[in-house]
Amino acid sequence: MMQNRIKTVGAILLAGSFFLATNSIAAEAYDEETYGPEAPIAWDKPTKVTFSHKVHTMDSGLACDSCHDELFTMESGAILATGTMTMAAMAEGKSCGSCHDGNTAFASNTKCASCHMDVKELTPEDPIVWTKPVKAVIFYHKAHIEDFGLDCAACHEGTFAMETGSAIKAGDFTMQSLYDGKYCGTCHDGSTAFDSDTRCNSCHIGVKGYNRMMGNDGVHGKSPQETKAGH
Ligand code: HEC
Ligand code: HEC
Ligand code: HEC
Ligand code: HEC
Ligand code: HEC
Ligand code: HEC
């Protein structure tokens, strides 16, 4: 009798600890019915981007209907076919941008690397050329990133917006600003990189250099870029 009771208690204890063990496994396990697909959704066109259901449902507490089916259908890749999943559309509050607006969640024009798996992929291929007020100043992303080992934040956290033309619009994109340590001058100060008051021709390729780059001799009509930009 006594032995039996001990056995029973043992069995209950065993069953209890087994129950606890399975229960804690269940708590750690990701439940797809409650939180949506466990595997991240990945898009690879035009760039590599991932989306995690876990971050949005389990961690941030969003319900399925905050995205389905008004913003996204439950079919991985379907949104790409609509052509509405672009950075420009997001900036207008569409797709991811309906929350990633700097209010509900971090803005879509910040923290590129949190959505994009390969940030280098976002680097503009072509050099940036400024033609105002003087023609022409040139900047190569490729050289600054690959040869000089700078990351995006070195320039895009406070020094330059990620939008060609922003510095010009600010109205103080001048040599004086560079000498004062702004814009290119944050590095081109004779210490981190060659001084802005030297080697003028490294940055200023001039009208001739510009025309050569555009494959135009500058005599017969406008360069392709100017024609395109409508100047
Ligand atoms: C923050 C937005 C968001 C929330 C919240 C969300 N989803 Fe999704 N879901 C997406 C996106 C984005 C896709 C991919 C759509 C595309 O590529 O067109 C997707 C795709 C899916 C798919 C298709 C997966 C596949 O491989 O084809 C299923 C199933 C799904 N979601 C279920 C859920 C369930 C269930 C919930 C709630 C528990 C949920 N989702 C909550 C954004 C969300
Ligand atoms: C909230 C997520 C998110 C953030 C943050 C984000 N992107 Fe995107 N981006 C996407 C998605 C989604 C796409 C479209 C799908 C794809 O390319 O696979 C995309 C596409 C792009 C494209 C392709 C063409 C276009 O304009 O749509 C470029 C270029 C791009 N992003 C640049 C950037 C840069 C630069 C940043 C940071 C300033 C950034 N993105 C931040 C999600 C994001
Ligand atoms: C319904 C609102 C909503 C939509 C739509 C939405 N997000 Fe989010 N997202 C959030 C919230 C809320 C957070 C957490 C707060 C934050 O990080 O700002 C978040 C966080 C994230 C994070 C940060 C993950 C981490 O590890 O910190 C990424 C990356 C992300 N979202 C990508 C996307 C992409 C890509 C899309 C579009 C396919 C998208 N989100 C659509 C609300 C949304
Ligand atoms: C050494 C400085 C520097 C570094 C490093 C740098 N950029 Fe830039 N980037 C610029 C400048 C300058 C502009 C033009 C800004 C302006 O005209 O106001 C620019 C513009 C851009 C633009 C806008 C292009 C367009 O057509 O509007 C994108 C996108 C961009 N950068 C992405 C990146 C990414 C991604 C990285 C990191 C992989 C990066 N940049 C690293 C200096 C830099
Ligand atoms: C975050 C730092 C940083 C910023 C900002 C920066 N540069 Fe540079 N730049 C460098 C470094 C480092 C080098 C290589 C060292 C050197 O040549 O002194 C370099 C080299 C160059 C070169 C020579 C490259 C070659 O291939 O000969 C040019 C031209 C140049 N930068 C133009 C610019 C212009 C124009 C701007 C502003 C639009 C700018 N840089 C902004 C760091 C920077
Ligand atoms: C590190 C790159 C860099 C170097 C080096 C540089 N410049 Fe500039 N310069 C710029 C940028 C960027 C602008 C503004 C954009 C534009 O005018 O197209 C500019 C604008 C100018 C302007 C018109 C605006 C103003 O400030 O009056 C003059 C004139 C000028 N530079 C002369 C020079 C001379 C002379 C040198 C050599 C002593 C020189 N620059 C060296 C990048 C550089």
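**Entry 1: ligand 6**

Which residues come closest to ligand 6? I found P133, M175, C200, C203 and H204, out of 19 residues that surround ligand 6. I count a residue as near when one of its heavy atoms lies within 4 Å of the molecule.

I am working with a predicted model, where local features need pLDDT of at least 70, side-chain atom pairs count only at pLDDT 80 or more, and totals for chains, interfaces and linings use all residues. Residues are numbered from 1 along each chain as its sequence is written, chains are lettered from A and ligands numbered from 1 in the order in which they are written, and side-chain values use heavy atoms, with hydrogens and water left out.

I sorted the shell around ligand 6 by class and got 11 nonpolar, 5 polar and 3 charged residues. Here Ala, Val, Leu, Ile, Met, Phe, Trp, Tyr, Cys and Pro are nonpolar, Asp, Glu, Lys and Arg are charged, and the others, Gly among them, are polar. Helices α10 and α11 each supply at least two residues of this shell. Helices (H or I, at least four residues) and strands (E, at least two) are DSSP runs, numbered from the N terminus.

I then looked for polar contacts, meaning pairs of N or O atoms within 3.5 Å; within protein, one must be able to donate a hydrogen and the other to accept it, and residues adjacent in sequence count only if both atoms are side-chain atoms. A polar backbone atom of M175 is 2.8 Å from an oxygen atom of ligand 6. For K132, a polar backbone atom is 3.1 Å from an oxygen atom of the ligand. For V134, a backbone N or O atom lies 3.2 Å from an oxygen atom of the ligand.

**Entry 2: the iron of ligand 6**

Which protein atoms are donors to this iron atom? They are M175 (SD) and H204 (NE2), lying 2.0 to 2.2 Å from it. Donors are N, O and S atoms within 2.8 Å of the metal (3.2 Å for Na, K and Ca); water is not among the atoms, so sites may look incomplete.

M175 lies in helix α10 and H204 in the loop between α11 and α12 (206-213), so the pair ties together parts that are 29 residues apart in sequence.

I checked how accessible the two residues are. M175 is partly exposed because its relative accessibility is 31%. H204, at 27%, is also partly exposed. Buried means under 20% relative accessible area, exposed over 50%, and partly exposed in between (1.4 Å probe, protein chains only).

**Entry 3: the iron of ligand 5**

I moved on to the iron atom of ligand 5. Its protein donors are H144 (NE2) and H188 (NE2), lying 2.0 Å from it. H144 lies in helix α7 (residues 141-147) and H188 in the loop between α10 (175-179) and α11 (200-203), so the pair ties together parts that are 44 residues apart in sequence. Are H144 and H188 buried or exposed? Both are buried.

Around ligand 3 I listed 20 residues, and the closest are H56, C96, C99, H100 and F106. Polar side-chain atoms of H56 and H100 reach nitrogen atoms of the ligand, at 2.8 Å for H56 and 2.7 Å for H100. The shell has no charged residues.

Around ligand 4 there are 23 residues, with H141, C152, C155, H156 and A167 nearest. A side-chain N or O atom of H156 is 2.8 Å from a nitrogen atom of ligand 4. W130 places a polar side-chain atom 3.4 Å from an oxygen atom of the ligand.

**Entry 4: the protein as a whole**

I counted 13 helices and 4 strands. Of the 231 residues, 22% are buried.
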